[in-house]
Amino acid sequence: MKKRILINALLMFVLFTSCNNKVEKKPMVNTKEVVKTELKFTNDQFYDKDGKFLEEKAKDALIEMLEYHNYPVFDGLREKIWLTDYNKGDYANLGLASVMFVNNEDDRYMLMDIFLLPSQMLGEHMHFAAENNPAKMEGWLIRHGKSYVAGVGENNRDQFPQVVVPKTHWDGKVTANHIVELNEGGFDSLALVESAHWQMAGPEGAVITEVGNVHTNSGVLRSDPAMN
């Protein structure tokens, strides 16, 4: 009897220590980084053999960039996108796309998002009073990517050799040569009312939220006469 009790006690001890010594299995964590596909676009995508600007192809590229940055591509966004190649035939390097969310001329406030493809330039321009609206004052918040914001001030373009104005823009010329490099979360604003300004996206493009008092199309004057 004592022998049986001793054996049972020994078995209980072995079972108890065996359970306590079990190593808890931890869930496997996938540490492999998600590699994004490089964004690269050329003018061949945006023009037919006759040189006609293919806006839907340009929107395809824009949606690809927005998805790359996890921008919320909501229903109807594509239809809201306004875009232009300034009639220059060089959209991959010189162009603009945007969605105007609100432009209240009564209370004078506006909000829009600007979309620039990688290394694409938004042409130099100024804003003046027009149609009973004051000259536009504005500021830019970089939501995704990078933008080089150029305006009035000390010429520091030699510090940014990666910012090259395309020949299709006024034969490579601009008048505003003070550049501020803005990354995600960075903000800058127009330094002086009616002053010239332009932007150029970084290698991953740029999604920019613009705020201002009011936008008036007829009050926009571009430095390159061929773009007006």
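This is a predicted model: local features need pLDDT of at least 70, side-chain atom pairs count only at pLDDT 80 or more; totals for chains, interfaces and linings use all residues.
**Exercise 1.** Describe the salt bridge between Arg-78 and Asp-60 and the network it belongs to.

*Solution.* 
Step 1. The closest N and O atoms of Arg-78 and Asp-60 are 2.8 Å apart. A salt bridge requires a distance within 4 Å, so the pair qualifies.
Step 2. Arg-78 is in helix 3 and Asp-60 in helix 2, 18 residues apart, and the pair links distant parts of the chain.
Step 3. Arg-78 is partly exposed at 24% relative accessible area, and Asp-60 is partly exposed at 37%.
Step 4. Salt bridges join Glu-56, Asp-60 and Arg-78 in a network.
Step 5. The whole structure holds nine salt bridges. Another one of them is formed by Asp-50 with Lys-49, at 3.6 Å; both of these residues are exposed.

**Exercise 2.** Classify the ring pair Phe-46 and Tyr-91, then the pair Tyr-47 and Phe-53.

*Solution.* 
Step 1. A pair of aromatic rings is described by the distance of the centres and the angle of the planes. Five aromatic pairs are found in the whole structure.
Step 2. For Phe-46 and Tyr-91, the centres are 5.3 Å apart and the planes stand at 90 degrees. Planes over 60 degrees apart count as edge-to-face, so this pair is edge-to-face.
Step 3. Phe-46 is in the loop between helix 1 (2-20) and helix 2 (55-68), while Tyr-91 is in the loop between strand 1 (82-84) and strand 2 (96-104); the pair therefore ties together parts that are 45 residues apart in sequence.
Step 4. Phe-46 is buried, at 0% relative accessibility, and Tyr-91 is buried, at 0%.
Step 5. The centres of the Tyr-47 and Phe-53 rings are 5.5 Å apart and their planes are at 35 degrees, so this pair is tilted. Tyr-47 and Phe-53 are both buried.
Step 6. Ring pairs link Phe-46, Tyr-47, Phe-53 and Tyr-91 into a cluster.

Conventions
Residues are numbered from 1 along each chain as its sequence is written. Side-chain values use heavy atoms; hydrogens and water are left out. Rings of Phe, Tyr and Trp (its six-membered ring) pair if their centres lie within 6.5 Å; planes under 30 degrees apart count as stacked, over 60 as edge-to-face and the rest as tilted. Helices (H or I, at least four residues) and strands (E, at least two) are DSSP runs, numbered from the N terminus. Buried means under 20% relative accessible area, exposed over 50%, partly exposed in between (1.4 Å probe, protein chains only). A salt bridge is a side-chain nitrogen of Lys or Arg within 4 Å of a carboxyl oxygen of Asp or Glu.
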